[in-house]
Amino acid sequence: MSTVTLTFENPIAVITINNPPINATSHAVRNGIVDALDQIDANDDIRATILICEGKTFIAGADVNEFGQPPKSPILPDVIKRLEATTKPVIAAIHGHALGGGLEVALGCHYRIADSTAKLGLPEVNLGLIPGAGGTVRLPRLVPVSEAVSMTTSGKPISAAKANEIGLLDAITHGALGDAARDFAKTILNREIPKPLLLRDPVNAPNATEWDDISAATKKKARGQTAPLAAVSAIRNGIEQGPDAGLSFEREKFIELRDSDQSKALRHIFFAERSVAKLPELKGIDPNPLKQIGVIGGGIMGAGIATASLLAGYAVTIIERDEDACANGSTTVQKHLSGSLKRGLITQDRFDTLFAALSTSTDYGALSDADLVIEAVFEDMAVKHDVFGKLSEHCKPDAVLASNTSYLDINEIAANCTYPNRVLGLHFFSPAHIMKLLEVVRTEAADAQSLATAFDFARTLGKIAVPCRVCDGFIGNRIMSAYRKHCEYMLEDGALPHQIDAAMMEFGFPMGLFAMQDMAGLEISWATRKRLAPFRDPSERYVALGDYLCEMGRFGKKNGLGWYRYDENGKAQPDSDVDALVISESAKKGITRRNFTHPEIIDSILAAMRDEGDKILAEGIANSPDAIDVVMVNGYGFPRHKGGPMYLSRS
Ligand code: NAD
């Protein structure tokens, strides 16, 4: 089948796009649409046109292969103008996703109908861009301006139901889309052709004060990203200066953003996320089929991992130490699933089915059919050995056994198992059912089949899987430990915790290091430091401030005192007691404190990250600098629009 096909079913014409995998707006598609419209306009028997796609989705974006190449005529804005100018009404029939240029094409049509499961969005901001084919000018003339602002600045797609509610759709369909589109076409044959969006008035245009509020709220959310603000100014311009000036302004902004550092960084991380899990040595290796997942430990991580596995459609068994712990694990999973229900991500029926797929037991015999088991018990090697001993005894020989340990040596865990070749690490991030990142830790003995199974599992969970090898802290925690040490040095050398945090937030982190430590709780790392104290190199600089805080009973946000003092609303306030403690520690060590500027603080943090990243690469822990960037952006709040520490050090 060719990329664009035109069929006449008088009085209806059907334009079908077939450009797998996402029916991107490639040159052949753009050309095909224009050709088809010319033929339709010349055919007097035709009174309505359906634009529909083959495969899994409507047009879901641009062709990445055309990125960075000179534009080839007809360019998308002209194709959309051509759609608008056609003499017969065009109905966009949407299934799957209508994203970016795909939604802009739909906006050029005269009617839009969509399958009830479809999603529609303008995700350009995720790549540091704004819509470049009229989206910011047409959308606010179809839906309320506030909704257009929300879609373009968040980049998040909306459901067909929401799209219908705000007026983006003319109808929602169930069942075969082609049939529904033909039925819809028959209902409009005798209607007057609707006015193109460009000729319509904006819907509920804000006044000047409301625009100021919109800009201020967008700026706050954008945390340094320029594209969301550009989207607001493009929408405003299109409304205040009229559609023609709006289209030129949008195009200008689009080109300016496309060539910006932020867009380049965002494109880097976008492609890195998609390539990082592709290991050539696993090509062609079939993963084990997975049905039953075992999770050992129903605590914070275990319950999150169990929830993520249930949501991906697996049956899950949690093993705990006693019945009470089993009940706690099950209650936590229930709470997580209720969260998904409340947010409308699953229906009550789905909730019931998923929760019924969870079982708990204190008996490892319940795992005899498990295809993959993930251990998430206390961070203690003796406990891990005990658990893996039982797994070796009770699990079937081809079950893959994974540890969620944060720091422990998984090679050592594997060496004590009957089948070390099927032992590996699956390092989730908290909360495990929400955070996208997953470090897949390759042990020395892990075989290709087990690794392929782990990556396939990650894919079905919707995680971004990053391969890495065994070391203390793997990629992410190891880099965080390294830069934390440098932040602590800066405290003794002259900075204060809230200054370091302010510099990090100014750079784009959602939270500073010390506020983050307060949130996680200070006592766990204190316990680890005490445990490791006998093994510490006495010649290495050690900052004891975190220990002092714990000795003073300051365990972080949960008890209102940590690196900060927390007010009754849980808001962090710098604490003069902590400042005094930091200053007196410098004096005790004979250090003359000096001033640190924000750029100096950030340079020091970035240098620490890059140096540790270089070591991780040299040791073969990560297989590319991209892997490190993906981990830091998705697991540690590194600002996405800066591309990651390794990218930043190269650019
Ligand atoms: P947690 O204390 O909340 O949960 C541990 C659970 O394991 C408890 O419910 C406990 O009853 C159970 N357990 C202990 N021994 C057991 C045994 N022999 N058999 C069955 N169950 C047993 O701890 P957590 O925060 O969920 O951490 C679990 C693991 O995940 C640790 O290795 C930790 O380093 C790692 N991890 C934690 C985080 C995090 O942010 N909390 C992130 C990544 C990895």
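Q: Which helix does D35 lie in?
A: D35 is in helix α1, which covers residues 27-41. Keep in mind that this is a predicted model.

Q: And how exposed is D35?
A: D35 is partly exposed, because its relative accessibility is 45% and that class sits between the cut-offs of 20% for buried and 50% for exposed.

Q: How far apart are D35 and Q449 in space?
A: The C-alpha atoms of D35 and Q449 are 49 Å apart. In sequence the two are separated by 414 residues.

Q: OK, ligand next. How many residues surround the ligand?
A: The ligand is surrounded by 22 residues. The closest are M301, E320, E379, K384 and S406.

Q: How does that shell split by class?
A: There are 11 nonpolar residues, seven polar ones and four charged ones in the shell around the ligand.

Q: Which elements each supply at least two residues of the shell?
A: Helices α12 (300-311) and α15 (381-394) do, and so does strand β15 (423-428). The largest share, three residues, comes from α15.

Q: What lies 3.5 Å from a nitrogen atom of the ligand?
A: A polar side-chain atom of Y364 does.

Q: How much of the ligand's area does the protein bury?
A: The protein buries 79% of the 840 Å² that the ligand exposes when taken alone.

Q: Switching to the sheet. In what order do the eight strands of the open sheet come?
A: The order is β12-β11-β10-β13-β14-β15-β16-β17, with mixed pairing.

Q: Which are the edge strands?
A: β12 (358-361) and β17 (464-469) are the edges, and each of them pairs on one side only.

Q: By how much are neighbouring strands turned against each other?
A: On average by 25° in this sheet, with direction ignored.

Q: What stands opposite H427?
A: E439, in β16, stands opposite H427.

Note on methods:
Residues numbered from 1 in each chain as written. Predicted model: local features only at pLDDT ≥ 70, side-chain atom pairs only at ≥ 80, totals over all residues. Heavy atoms only, no water. Near = heavy atom within 4 Å. Polar contact = N/O pair within 3.5 Å; in protein donor to acceptor, adjacent residues only side chain to side chain. Areas by Shrake-Rupley, 256 points an atom, 1.4 Å probe, with all protein chains shown as cover. Helix = DSSP H or I, 4+ residues; strand = E, 2+ residues; numbered from the N terminus. Nonpolar A, V, L, I, M, F, W, Y, C, P; charged D, E, K, R; others polar. Pairing = 2+ DSSP bridges. Axes fitted to C-alpha atoms, helices over the stretch in contact; angles between N-to-C directions. Buried < 20%, exposed > 50% of the residue type's maximum accessible area, 1.4 Å probe, protein only.
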